[in-house]
Each structure stands twice: as C-alpha cells, then as structure tokens.
Amino acid sequence: MKKIRAAVIGCGNISVMHLDSIVGLGQANLVGVCDINADKSHAAAEKYNSTAYTDYKEMFEQEKPDIVHLCLPHYLHTPVACDAFRAGINVLSEKPISINYDDAVKAVELAKQRNMLYGVIFQCRYNTPSILVKKRITDGKLGAVKCGRSVLTWYRSDNYYDNSDWKGTWDKEGGGVIIDQTIHSLDLANWFIDSTPVMVQSTLHNRNHKIMTVEDSAEGFIKYENGCTFGFYAMNNYLMDEPIEIRLACENGTVRLSYDEAIINYNDGTVEAVKNQPQKIVSYTGGKPYWGTQHAVQINQFYRAVEKIEPLEISGEEALKVQKIVCDIYNNNDMRDLYAGRV
C-alpha cells in the first residue's frame, strides 16, 4: 500500500508529539515541515529528514500531502484547516478546534463539503483509565452519569506567558486556564455524560498574573438535557501541576479518575481499578509530562480512518461539543468587565 504523505505546520513545543509519531508509526512519509520561523522549520527538517518551508501554501503545492498536522497558535487552527480542505488535504489539528464556535462550525462544514477528514487531538480519551470508565458507562455496569465534578490546580508563571507571543491573549489563544488546560477534563466529562448541555454558568478571574489579561481561575456549573449536573474548578496559581481529578456519581457506582488511574466503587461493594498504561509504539524526543503519551494512539487512529480501515473517532463534529461548552463558559460568566476587550 502506498504510504500516506504527511506534513506538519508549526514547529513549536507540541510538534514533537506529532513528528515523532509520524516517523515512529511508519504509516506515513513526512514530506514537509513548516514554520514562519525559518530556524525552527530547518531544525525540524534536519532532525526528521524532511523538507523545510516557511509558507504552508507553498508546501501544499510542492509536496501535495494527504494529511496535514496543525500545531499552531489557537487562532490559526480553523483558517489554516480551511485552506487545507480547499487544497484537498485531510487535517489533524491540535486542540482547541478554534477560539470561536462559529468559525469551528464553518470549518467542519467545509470539510464535509470537500469530503475531507477533520480530526482534533484530545489524547486523554485514550488513557487507560478514561477508556475503562467510558466502557463501564456504556456497557451498563456503571450506568449513566447523574452528577460529576472536576478539579484542576496547576502552575503557570508570568514567564510562561511573557515568553510567548500568543499565550495569555484573547485574540490569539482565546482565553486562559479554561481553553488551554481545563478543556481536556471538560472534554472527558462531556464524553462520559453523553448529553447536550442546556445551561452553562461560570465565574472567571485573573487573580495572580500581571503579564496577561485572560483568566487564571475559573469555576462553573453545567446542566445537561438528561438531568446530569457537572461542576468544575480550575486555576493555574498553584505551586505545581497536581493531577487533574474527575469524580462521577453514576446509577450503579462512583468514579474517581485522573490521567494516571481510575477507581470505580460499585453500589454492590465491589471495586474496579486500573493504572494508566502508556503506549509503547512511539518514543518521544521531548514534550511535557502532562501531555501523556497517547498522541501516537490517536494519530494512528486518524491515519487508519484516512485509509478507510475504520471510522474516525474524534472528528471535528465531536470537537464542536466541548468547543461549545468552552465558548459558553466565556460568554456566560459573571465577570464580563474583565473581558471587555475579548475578540
């Protein structure tokens, strides 16, 4: 079978998870890497034996990739994805799908019109604990989620934002602790609950950061069509990155879940527990511990979908669900004055 032709746009920190996966999985040839910073694109091209570009449209024309991986600042995700769809290229984008819900909807619609696959990275769904909890909900052993909550207490210094030309901005990142860090736990919870939100309330603050104006603290409450309720708390003013914790109260038991483990206590007194099993297909040459190791698993699944071996699991349509929640959190908070300059 002819190998997939893959390319990567954006050679920043997260790109290593994609580049190492492309090379390590062996399903595709890496035909090009692109970054507006020529030093970054040339360094990536040399490391991965590919061709460097600073203009992604030129790369599309010259290399004619089947798939492009988007590792860009958030605000560029949908416009570049749409350019790829118009060029007949499938897209696998880092989260979030967009900083604007309407733009995300338009990108999903364009992918459908052009018959292109649109995937969005939510690698935490492929953690062993996440898979077990989802299975026990869908097979009826746990039953439906009735109530849940999540807590995220991480640390991001002013330097974290000062060292970036897009982090901590409304117009480029789209927000702070919600759209950047909390989106993964919101996605997991929404995936488990599997219903449509009918109400989103939130309170957002910037409590301790001088460099940026987006929120560093947030709490909120979501009601779902099926009657489930979900509360969340998040802040990046802690001393360290504590494990994210999600708790669920289900029809037949309770769940305590992190990226590292899941403990299920059933109403009949039995307990089921599992530790996360990192994937062993690909060895990464960099990355942050909180990204986990499951990028390669999701990238492999996307490639298999492109090859028509199996359906795409985390599509643009699927990513719209959590994107709607994120945008509602920003739009329905009770600290509107803080966001007067939001784009």
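Analyst: D165 is found in the loop between helix 7 (158–162) and helix 8, where helices are DSSP runs of H or I of at least four residues, strands are runs of E of at least two, and both are numbered from the N terminus. The model is a predicted one, in which local features need pLDDT of at least 70 and side-chain atom pairs count only at pLDDT 80 or more, while totals for chains, interfaces and linings use all residues. Residues are numbered from 1 along each chain as its sequence is written, and side-chain values use heavy atoms, with hydrogens and water left out.

With a relative accessibility of 64%, D165 counts as exposed; the cut-offs, for a 1.4 Å probe and protein chains only, are under 20% relative accessible area for buried, over 50% for exposed, and partly exposed in between. The C-alpha atom of D165 is 9.4 Å from that of P73, although 92 residues separate the two along the chain.

Within helix 8 lies D187, which counts as buried because its relative accessibility is 2%. Leaving aside residues up to four places away in sequence, D187 touches F122, R125 and V322, a contact being heavy atoms within 4.5 Å.

Most residues other than glycine have a negative phi. N49, in the loop between helix 2 (38–48) and strand 3 (52–53), also has a positive phi near 55°.

I178, with residues up to four places away in sequence not counted, touches I183, L186, L204, E215, A218, F232, V326, I329 and Y330.

Helix 10 deserves a look of its own. Helix 5 (residues 101–113) and helix 10 (residues 316–331) pack at an angle of about 175°, with their axes 10 Å apart; the axes are lines fitted to C-alpha atoms over the stretch in contact, and angles run from 0 to 180 degrees between N-to-C directions. Helix 5 is therefore roughly antiparallel to helix 10, a description that applies to angles over 145 degrees. On the side of helix 5 the contact is made by Y101, A104, V105, V108 and K112, and on that of helix 10 by G316, E317, L320, Q323, K324 and C327.

Turning to the whole chain, the protein has 10 helices and 14 strands. Buried residues make up 55% of its 343 residues, and of the contacts between residues at least 6 apart in sequence, 69% join residues at least 24 apart. The C-alpha atoms fill a box of roughly 60 × 45 × 40 Å along the principal axes.

How values were computed. Angles under 35 degrees count as roughly parallel, over 145 as roughly antiparallel, 65 to 115 as roughly perpendicular and the rest as oblique.
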